[in-house]
Amino acid sequence: MADTSNTMGDNSPQVEKGWMALRQHIIDNKIKVGLWITRLFTIIFTIGYIIPIFGNSYNIYYKVLMSNAATSALRLHQRVPRVQLNRQFLEHLFLEDSCHYLFYSLIFLYAAPVTLVLTPVFLFALIHFASYSLTLIDCLGQNSWWGARLLISLVEFQSRNILRICALSEIVILPLTVFLVFTGRAGLLTPFIYFQFLKLRLASQRNPFTRNVFYELRNGLSSVSRKPAVPIIVRRIIEGLLSLTQQMAPVRQ
């Protein structure tokens, strides 16, 4: 009994020290913690949209986009803190991935709910939420919350596959916007605006996955079109599609 009491006594200061370290970290990193919170809301709202346990799923869909917009705006403020009214600033602004996804949220706030639209939003939030959660847990101690650490390690282990799914979703959504226009679920300008978003993603300097997946899809379609068994009409459709997308991506480095 005496040994147990001593152990508890030894652990108590360590636990208290861990919570104090976490509190200080939150005070020193308000924007990063704010990003962590908005990403948490994005994850919760996405789950709430798929499994409607929080109310009207229609309203929750737009809450996902709004929480993603908040995340993107905070991240953009972190990356580009000084606003300047000149061409160089705008060029720098449009190179930022956070600007791209702020743009993305605004595009689909004015269209009908489509589950695929939430896929990259949810997955990006999941990756970054998991990464920063590990930083917060480390404040509590290297051996604390092992269950959460296991889940985080699973997400990080699959991060490359998750980013490829995000990239594929971004590309597939472009023809989907055309379908949404014909079904009356999006405005006439939505495909043209989304096309500009996709061009920004293909030119991203921080995330090459969209560009890489785009080239893989083009190469795959090109290989299919050269097969003798492919009907002429299908070959011409593929060649037209390849020609249409020829100038979309910058030269691959």
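## Glutamate 156

Glutamate 156 is partly exposed, at 39% relative accessible area; that class lies between buried (under 20%) and exposed (over 50%), using a 1.4 Å probe and protein chains only. The model is predicted: local features need pLDDT of at least 70, side-chain atom pairs count only at pLDDT 80 or more, and totals for chains, interfaces and linings use all residues. Residues are numbered from 1 along each chain as its sequence is written, and side-chain values use heavy atoms, without hydrogens and water.

Helix α7 (residues 146-157) holds glutamate 156. Helices are DSSP runs of H or I, at least four residues, numbered from the N terminus. Leaving aside residues up to four places away in sequence, glutamate 156 touches Ser131 and Leu134; contact means heavy atoms within 4.5 Å. Alanine 130 is 26 residues away in sequence, yet 7.7 Å from glutamate 156, C-alpha to C-alpha.

## Aromatic pairs

Rings of Phe, Tyr and Trp (its six-membered ring) pair if their centres lie within 6.5 Å; planes under 30 degrees apart are stacked, over 60 edge-to-face, the rest tilted. The count is 14 aromatic pairs. Phenylalanine 41 and phenylalanine 45 are stacked, because their centres are 5.8 Å apart and their planes at 20 degrees. Both lie in helix α2 (residues 30-50), 4 residues apart, about one turn. Phenylalanine 41 is partly exposed at 42%, and phenylalanine 45 is partly exposed at 21%.

Tyrosine 58 and tyrosine 62 are edge-to-face: centres 5.2 Å apart, planes at 65 degrees. They sit 4 residues apart in helix α3 (residues 57-79), about one helical turn. Tyrosine 58 is partly exposed at 46%, whereas tyrosine 62 is buried at 13%.

## Ring cluster

Ring pairs join Tyr101, Tyr104, Phe108, Phe124, Tyr194 and Phe197 into a cluster.

Note on methods: Helices (H or I, at least four residues) and strands (E, at least two) are DSSP runs, numbered from the N terminus.
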